[in-house]
Amino acid sequence: MTNFKLTIQYDGTRFSGWQKQGNTDNTIQGKIENILSKMTSEEIEIHGSGRTDAGVHAIKQIANFKTNATLSEIDIRDYLNKYLPLDIRILSVEKTDNRFHARLNAKGKHYRYTIDNGEVANVFERKYMTRLTKNYDLEAMKKAAKLFIGEHDFKSFCDNKRMKKSTVRRISDIQINNSDGIITIDFYGNGFLYHMVRILTGTLLMVGTHELSCDDIPAIIEKKSRDAAGFTAPPQGLCLVEVDY
């Protein structure tokens, strides 16, 4: 069998997330698998680097699949782009080592959360930003962000109450910037739990409005309870930027 690596870009606005589901065919994974199965005349399963939520976007999502069909990288890319909806694009297809697995071999991920905080809402980028009009203390947010750096048990920042696996993750950096009213929060880490980036964002924003303080962060981490952390930021502002291998 040949193992192919896909680099995928998508606007997640109208999809029910990455992961295929039994009650809907409106997922990124499901759309790609259906087309590949028709192309190869095989039952194809693709493995993504991670599961983005409904409404979340990706600049460079990575996935892989194996097939017995004899196909070129360009044929696969062009066939998929011909039949996929225009809000999903295959940027590249590469033959790769048979042991490569998009999720299991991922070393790190970069997510970006974008907030439209300008005086007038941005017309053209509104599907990719969350519109919030409060005044945010970015210096307080940056100070709080430093407390998340390193390896911690992020159970307080996970929305999966039935999570049985380890909730320990390592965040290597969080960068917060404001450019003409567009606030970006970039998260770099070895992996992220269900809704983790969005809950971290909500918590940092509450520090920015002084509803929480930097001093609250260690206790929130220590409590290992979802109720201790901030709100879950809306999905449209979140984007998977890149996956490292």
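Which strands and helices do the buried residues of helix 3 pack against? Hello everyone, let's start there. The buried residues of helix 3 pack against strand 8 (168-179), strand 9 (182-189), helix 4 (196-208) and helix 5.

Before going further, a word on the model. This is a predicted model, in which local features need pLDDT of at least 70 and side-chain atom pairs count only at pLDDT 80 or more, while totals for chains, interfaces and linings use all residues. Residues are numbered from 1 along each chain as its sequence is written, and side-chain values use heavy atoms, with hydrogens and water left out.

Now the terms. Helices (H or I, at least four residues) and strands (E, at least two) are DSSP runs, numbered from the N terminus. Buried means under 20% relative accessible area, exposed means over 50%, and partly exposed is in between, with a 1.4 Å probe and protein chains only. When I say contact, touch or pack, I mean heavy atoms within 4.5 Å.

Back to helix 3, then. Helix 3 covers residues 138-146, and its buried residues are Leu138, Ala140, Met141, Ala144 and Ala145. Looking down the axis of helix 3, the buried residues fall within an arc of 155 degrees, so they line one face of the helix. That arc is taken from the directions from the helix axis to the C-beta atoms. In general, an α-helix has 3.6 residues a turn, so residues three or four places apart point the same way. On the other side of helix 3 you will find Glu139, Lys143 and Lys146, which are exposed.

What caps the N-terminal end of helix 3? That is aspartate 137, with a side-chain oxygen 3.2 Å from the backbone nitrogen of glutamate 139.

Let's zoom out to the whole protein. There are 5 helices and 10 strands. The C-alpha trace spans about 60 × 40 × 30 Å along its principal axes. For 245 residues, a compact globule would have a radius of gyration near 18 Å, and the 19 Å of this protein agrees with that. Here the radius of gyration is taken over C-alpha atoms, and the globule rule is 2.2 Å times the number of residues to the power 0.38.

Of the 245 residues, 51% count as buried. Among contacts with a separation of 6 or more, 71% come from residues 24 or more positions apart.

Next, the inside. In soluble globular proteins, nonpolar side chains tend to be buried together. In this model, the largest nonpolar core has 70 residues, and those with the most contacts inside it are Ile32, Phe148, Phe157 and Leu204. Helix 4 gives the most to this core, with 8 residues. By nonpolar core I mean a set of buried Ala, Val, Leu, Ile, Met, Phe, Trp, Tyr and Cys residues joined through side-chain atoms within 4.5 Å. Leaving out residues up to four places away in sequence, isoleucine 32 touches Leu6, Ile8, Trp18, Ile46, Leu80, Leu84, Ile88 and Ile90.

Is aspartate 116 buried or exposed? At 5% relative accessibility, aspartate 116 counts as buried. Aspartate 116 lies in strand 5 (residues 108-116), and a polar contact of 3.2 Å joins its side chain to that of arginine 131. A polar contact is a pair of N or O atoms within 3.5 Å; within protein, one must be able to donate a hydrogen and the other to accept it, and residues adjacent in sequence count only if both atoms are side-chain atoms.

Threonine 7 sits in strand 1 and is buried too, with a relative accessible area of 9%.

Finally, two loop residues to look for. Serine 41 is in the loop between helix 1 (28-40) and strand 2 (47-48). Its phi is near 60 degrees, a positive value in a residue other than glycine, and at 68% relative accessibility serine 41 counts as exposed. Lysine 224 is in the loop between helix 5 (217-223) and strand 10 (238-244). Phi of lysine 224 is near 50 degrees, again positive in a residue other than glycine, and lysine 224 counts as partly exposed at 40% relative accessibility.
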